[in-house]
Each structure stands twice: as C-alpha cells, then as structure tokens.
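Hi,

Here is the structure I promised to pass along. Have a look at it first, and then read on for what turned up.

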Amino acid sequence: MIPIIVIPAYQPEQTLVELVDQLVRAQPDQKIIVVDDGSTTPLAQQVFQKLSKYPELILLKHELNQGKGSAIKTAFAYLLEHFPSAVGVVTADADGQHLAEDILKIAAVLTQTNQLILGVRRFDPKVPWRSRFGNELTRKIFSWFSGKPLADTQTGLRGISLNLLPALLKIENNDYSFEMAMLMLATKEGWTISEVPIATVYLDQNRSSHFNPLLDSLKIYFVFIRYSALSLLSALLDFLLFFLGFYLTHSV
C-alpha cells in the first residue's frame with residue numbers, strides 16, 4: 001500500500017480543498033486523512049463539507065482544539081489500527097505551504113526507505129523574515145543540542161515509516177513542539193534522517209499560519225532543555241554507579 005497522507009487542520013481555508021483536489025487528481029487511489037482540530041469558523045466548516053465528498057479521504061475530528069501534535073497523533077493511531085500494511089505516512093500542512101507534487105515526491109521516497117524523511121525548504125531573502133530568522137535560530141540550536149545538523153528543522157512535510165509510529169505516539173508534546181520532539185527522539189534512537197529538497201511557498205506572508213512566534217517558539221526550545229536535562233541526569237547516574245562500584249571493589 002502506498003504511504004497515507006495526513007493533514008492536521010485548524011480553521012483551514014479554500015487552499016486545503018485545492019490541495020486535496022490536486023492530490024486526488026494526480027493519484028486517484030491516494031488515501032488521505034484530514035484531522036479537524038476543533039475548527040469553529042463557518043469557512044472551515046464549508047471546507048470540511050467539501051472534503052467529505054472525496055471517497056478516498058478520511059475526516060477525523062477533535063471537538064476542541066488540542067494542538068497540531070495531538071491532531072497528528074490522532075491520525076497515527078487511526079492509521080495503525082485501520083491500515084497496518086501501509087508503508088508509512090506523509091504529514092503535510094493545511095495552509096498551502098506544501099505543493100501536491102512535493103507531497104507525492106516525499107511519498108515516493110518513503111517507499112524506498114524505512115526511516116524519517118524531511119522535505120527541506122530554501123530560506124532565501126524572499127521568505128518572510130520571521131520565518132527565516134526562526135528557522136535559522138532553531139536549526140543552530142538543534143545542531144548544538146543533538147550534534148546533527150539539519151537544513152530545515154521546522155518543516156511540516158515529513159515521510160515517516162510505519163514502524164516508527166508507535167514510538168512517536170509516546171511523545172507527550174501535543175502542540176507545534178511535537179515535530180521538534182520527533183527530531184530529538186530520532187537522533188536519540190539513531191534513526192536515519194533523509195532530507196529532500198522541496199519548494200518554498202509562503203502565501204500572503206504566511207498569513208494563514210497559526211504558529212505563534214513567541215509562545216510556540218518557547219515550547220519548541222523547552223524540548224531542547226528537557227532532552228538535555230535527561231542526558232545530564234543519565235551521565236550523572238553513570239558516574240555515581242561507577243564511583244560506587246570503584247569504592248566497593250577498589251577496581252576499575
């Protein structure tokens with residue numbers, strides 16, 4: 001079975017319908033899971049009504065907004081239960097930042113590997129400054145904490161092998177920081193991370209994004225602190241056990 005596309009959506013606009021239509025036209029048998037993360041606007045309800053007419057699309061719903069990470073995990077749990085033979089999943093954003101051809105490109109790469117694939121954007125001067133600055137800062141901090149340099153740590157376009165989903169469902173983060181926690185877990189567990197170039201798209205200066213530059217960035221950076229604290233505690237425990245063993249046996 002080809003990879004299943006997962007799109008978490010909160011207050012989506014017409015661009016989501018256009019994206020789904022392009023995906024279905026290019027791949028008529030493509031399974032798509034869209035998760036309505038507690039949307040409330042009349043426009044969003046119209047969008048979901050239009051999406052419900054696509055026979056290959058599965059629409060899941062949160063009654064209240066729970067966060068992007070929670071929506072993604074809801075789709076992962078559904079996928080594991082109903083599509084256990086799937087190759088994996090491709091996550092994509094609902095705000096028009098990801099082109100249908102790039103989503104299908106990541107899906108094609110995923111069929112050839114069994115790990116984690118990132119759709120990597122180029123941050124040239126045309127990209128809104130807050131996105132350019134935020135990604136550059138996060139990328140450097142991630143590299144410093146994990147020891148693994150990545151070109152785009154905040155990309156929402158990812159290919160994920162089915163065998164990785166159970167571990168990802170255990171991540172506690174339910175907001176935007178879930179995606180960073182995913183990368184930290186991947187480096188900790190030694191998963192192979194592949195990077196595939198994709199188009200850089202920002203519609204109307206990324207107006208439709210629900211990412212809060214201050215609050216959501218702080219939550220992302222807290223992921224680094226938490227993982228580092230665990231590493232330090234582990235190292236301290238190793239040292240104490242070594243010291244105790246040496247004290248009792250007087251031998252290395």
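**What was found**

Glycine 69 sits in helix α3, which covers residues 68–82; helices here are DSSP runs of H or I with at least four residues, strands are E runs of at least two, and both are numbered from the N terminus. With a relative accessible area of 0%, glycine 69 is buried. Buried stands for under 20% relative accessible area, exposed for over 50%, and partly exposed for what lies in between, using a 1.4 Å probe and protein chains only. Leaving out residues up to four places away in sequence, glycine 69 touches Asn173, Asn174, Asp175 and Phe178, where contact means heavy atoms within 4.5 Å. Its C-alpha atom is 9.0 Å from that of glutamate 172, although 103 residues separate glycine 69 and glutamate 172 in sequence.

Before going further, please keep in mind that this is a predicted model, in which local features need pLDDT of at least 70 and side-chain atom pairs count only at pLDDT 80 or more, while totals for chains, interfaces and linings use all residues. Residues are numbered from 1 along each chain as its sequence is written, and side-chain values use heavy atoms, with hydrogens and water left out.

**Around glycine 69**

Glycine 67 is placed in the loop between β3 and α3. Glycine 67 is buried too, at a relative accessible area of 13%. Apart from neighbours within four places in sequence, glycine 67 contacts Asp37, Asn174 and Asp175. Between glycine 67 and glycine 38, which are 29 residues apart along the chain, the C-alpha separation is 9.0 Å.

Histidine 62 belongs to strand β3, residues 57–62. Its relative accessibility is 5%, so histidine 62 counts as buried. Beyond four places in sequence, histidine 62 touches Val35, Asp36, Asp37, Gly38, Ser70, Ala71 and Thr74.

**The chain as a whole**

The protein chain has eight helices and seven strands. Of its 252 residues, 47% count as buried. Its accessible surface is about 12,900 Å², and 59% of that belongs to carbon and sulfur atoms; the areas come from the Shrake-Rupley method with a 1.4 Å probe. If you take the contacts between residues at least 6 apart in sequence, 80% of them join residues at least 24 apart.

**Helix α1 and its two partners**

How do α1 and α2 pack? Helix α1 (residues 14–26) and helix α2 (residues 42–51) meet at an angle of about 15°, with 9 Å between their axes. The axes are lines fitted to C-alpha atoms, for helices over the stretch in contact, and the angles run from 0 to 180 degrees between N-to-C directions. α1 and α2 are therefore roughly parallel to each other; angles under 35 degrees get that label, over 145 is roughly antiparallel, 65 to 115 roughly perpendicular, and the rest oblique. The contact involves Gln14, Leu16, Val17 and Val20 from α1, with Val47, Lys50 and Leu51 from α2. By class, that makes five nonpolar, one polar and one charged residues. Here Ala, Val, Leu, Ile, Met, Phe, Trp, Tyr, Cys and Pro count as nonpolar, Asp, Glu, Lys and Arg as charged, and the others, Gly among them, as polar.

With helix α4 (residues 100–110), α1 packs at an angle of about 55°, the axes being 9 Å apart. α1 and α4 are therefore oblique to each other. Leu19, Gln22, Leu23 and Ala26 of α1 meet Ala100, Ile103 and Leu104 of α4. The residues of this contact divide into six nonpolar, one polar and no charged.

Glutamine 22 is found in α1 and counts as partly exposed, at 41% relative accessibility. Its C-alpha atom is 8.6 Å from that of glutamate 101, 79 residues apart along the chain.

In α4, the buried residues are Ala100, Asp102, Ile103, Leu104, Ile106, Ala107 and Leu110. Their cover includes β1 (4–9), α1, β4 (88–91), β5 (116–120), β6 (158–161) and β7 (193–197).

**One backbone detail**

Glutamine 11 lies in the loop between β1 and α1. Its phi is near 50°, a positive value in a residue other than glycine. Most residues other than glycine have a negative phi. Glutamine 11 is buried, with a relative accessible area of 15%.

Best wishes, and enjoy the model!
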